[in-house]
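Please keep the structure open as you read.

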Amino acid sequence: MSSMAREIMAFVLTTSGWVLVSSTLPTDYWKVSSIDGTVITTATFWSNLWKTCVTDSTGISNCKDFPSMLALDGYIQVCRGLMIAAVCLGFFGSVFALIGMKCTKVGGLDQTKTRIVSFAGFNFICTGLCSLTACSLYAHRITSEFFDPMYVAQKYELGAALFIGWAGSTLCILGGAVFCLSLTEGMSSSSPYPSDRKAFVKSGVSLMSPQSQASHARRPPPDCISSSQQFDKNAYV
């Protein structure tokens, strides 16, 4: 696979992952719980990073925003910060990827574009790690409360937003790693000698003029010259 096709594949992976991570932030169902009746579900409780809601059997939802940011639980504040950082890093990673890809006309020389696209890959890896940490921290809090026998409040289960966040994080990390491979390929293909210098060394004989080549061909070796000088006409006297 060529480097250009590899970069395009990495861009599709990272952009898709960034879209999934960005859609996770406002998604409602980070955690969900339901109260079942004898026939139908009487109420569904769900919550995300910004509010908590309850939906009755008729489909009417009553939501309550979190009253104060400073009064929130610590894990919710950390998840908010990590998800916002993931969205911002993914945005800048997309911009740098568009500038550094070989299929675009901006970015300068190939070595400069290689460094830019590698920096974009680093941004996408950080995006995936931030989103992965936020979703895992939130899921750990849900599971620890669910399996705690001393916890008597409403127990929740993992919502759909967490799975979407995990999928987007995986795509961002994979695509970012592919982008970072461009830097290793650029370093392996670089050489301390310029290409014109190598071409000159390889074709040094062909750069000689025809007269010079002919004179080199007609010139006898030094051993023959020295031996002919020893056997001149004075040698037989």
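A residue counts as buried under 20% relative accessible area, as exposed over 50%, and as partly exposed in between (1.4 Å probe, protein chains only). This is a predicted model, in which local features need pLDDT of at least 70 and side-chain atom pairs count only at pLDDT 80 or more, while totals for chains, interfaces and linings use all residues. Residues are numbered from 1 along each chain as its sequence is written, and side-chain values use heavy atoms, with hydrogens and water left out.

Begin with Thr 24, which belongs to helix 1 (residues 3-24); helices (H or I, at least four residues) and strands (E, at least two) are DSSP runs, numbered from the N terminus. Thr 24 has a relative accessible area of 0%, so it is buried. What does Thr 24 touch? Leaving aside residues up to four places away in sequence, its contacts (heavy atoms within 4.5 Å) are Trp 30, Met 83, Ala 161, Ile 164 and Gly 165.

Now look at another residue of helix 1, Ile 8. Ile 8 is partly exposed, because its relative accessible area is 38%. Together with Met 4 and Val 12, Ile 8 makes a nonpolar surface patch of about 240 Å². Such patches are made of residues with over 30% relative accessible area and no salt bridge, with nonpolar side chains (Val, Leu, Ile, Met, Phe, Trp, Tyr) joined within 5 Å and like charges within 9 Å. A salt bridge here is a side-chain nitrogen of Lys or Arg within 4 Å of a carboxyl oxygen of Asp or Glu, and the areas come from the Shrake-Rupley method with a 1.4 Å probe.

Next, turn to the strands. Strand 3 (residues 51-56) pairs with strand 4 in the antiparallel sense over five bridges; pairing requires that DSSP finds at least two bridges between two strands. Thr 55, for instance, has Ser 61 of strand 4 as its bridge partner. The two strands form a hairpin with four residues between them, and Gly 59 in the turn has a positive phi of about 90°. Strand 4 (residues 61-65) lies largely in the open, because zero of its five residues are buried.

Cys 53 is joined to Cys 63, with S to S 2.0 Å. The pair links distant parts of the chain, with Cys 53 in strand 3 and Cys 63 in strand 4, ten residues apart. Their link is right-handed, with 115° about the S-S bond. Cys 53 is buried, because its relative accessible area is 2%, whereas Cys 63, at 44%, is partly exposed. One disulfide is found in a search of the whole structure.

Conventions: Disulfide = S-S within 2.5 Å.
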